[in-house]
Amino acid sequence: VSLSVASLRAYGLSEGVLDDMSRVRAGGLTFAPEAGTQRMRDVINKNVTEAQLLETAERVFSRGFDKMKLYFICGLPTETEEDVLGIIEVGKNALAIGKRVGKRPKVTVSVSVHVPKPHTPFQWCAMDDPEQIEHKQRLLRDEARRVKGMVLRLHDRTASTLEGILARGDRRLANVIERAFLRGARFDSWDDQLRIDVWQEAFEHFGVRTDPYLGTLAVGARLPWDHF
């Protein structure tokens, strides 16, 4: 019997459930701290402390699991470099616990890019521009190289920027989407399938500027998803 589970809360997974899971074949577990510092977790209302995260790591590795994946987001509003580097720190601390109580643990730190989404508190916030994303991802890579046994996975910043445009887009993007589709855009969330050149050509063809979709929106602005 093999068991696979989706992303789990970093706290509240009972020891009984972990005991049951450890009796079947399960390669590892995924948890979502989402931010690397307590300040940033408070900003996004993620009700979990690092102590709870590390307690979860000890519960997981002490039961024979050898893999643990931690999911984070970078580019959140008010984020600082300290918050970014905290992502690697959390992964490093979880790995240290695994080495203490386990055999040959592996911690994967997966970091996506924050995309402001409709109907969320951050829908008015600007998205990090590609240069800011690149800088933060470079910080993560440089710091991760110092941690043996930890794997860092970063989401493609180009795909994230396109996602940000489409997430807050309006009817002006309808023709762009159709043209990109007709010219071969498929399965764009897969890095090896993304045809950013097709999308760029479609934006240029219809004279659609993308910057306004990624910048700060006025709180009183009429949003594309507002209907009265």
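Before I start, one cut-off: a salt bridge is a side-chain nitrogen of Lys or Arg within 4 Å of a carboxyl oxygen of Asp or Glu. I also keep in mind that this is a predicted model.

**Entry one: Arg41.** I found Arg41 in helix 2, which spans residues 38–43. Which side chain of opposite charge is nearest to Arg41? I looked, and Glu50 is the one, 4.4 Å away. Arg41 is buried and has no salt bridge, because a salt bridge needs a distance within 4 Å.

A reminder to myself: most residues other than glycine have a negative phi. Glu34 has a positive phi of about 75° and is not a glycine. I placed Glu34 in strand 1, residues 29–34, and it is partly exposed at a relative accessible area of 23%. Asn45 also has a positive phi, near 60°. I located Asn45 in the loop between helix 2 and helix 3, where Asn45 counts as exposed at 69% relative accessibility.

How do strand 3 and strand 4 run, and how many bridges join them? I read five bridges between strand 3 (residues 106–113) and strand 4 (residues 150–154), and the two run parallel. Val111 has Leu154 of strand 4 as its bridge partner. With helix 5, residues 130–144, these strands make a right-handed β-α-β unit.

Conventions: Residues numbered from 1 in each chain as written. Predicted model: local features only at pLDDT ≥ 70, side-chain atom pairs only at ≥ 80, totals over all residues. Heavy atoms only, no water. Helix = DSSP H or I, 4+ residues; strand = E, 2+ residues; numbered from the N terminus. Buried < 20%, exposed > 50% of the residue type's maximum accessible area, 1.4 Å probe, protein only. Lys, Arg positive; Asp, Glu negative; His and termini not counted. Pairing = 2+ DSSP bridges. Right-handed = clockwise from strand over helix to strand, strands pointing away.
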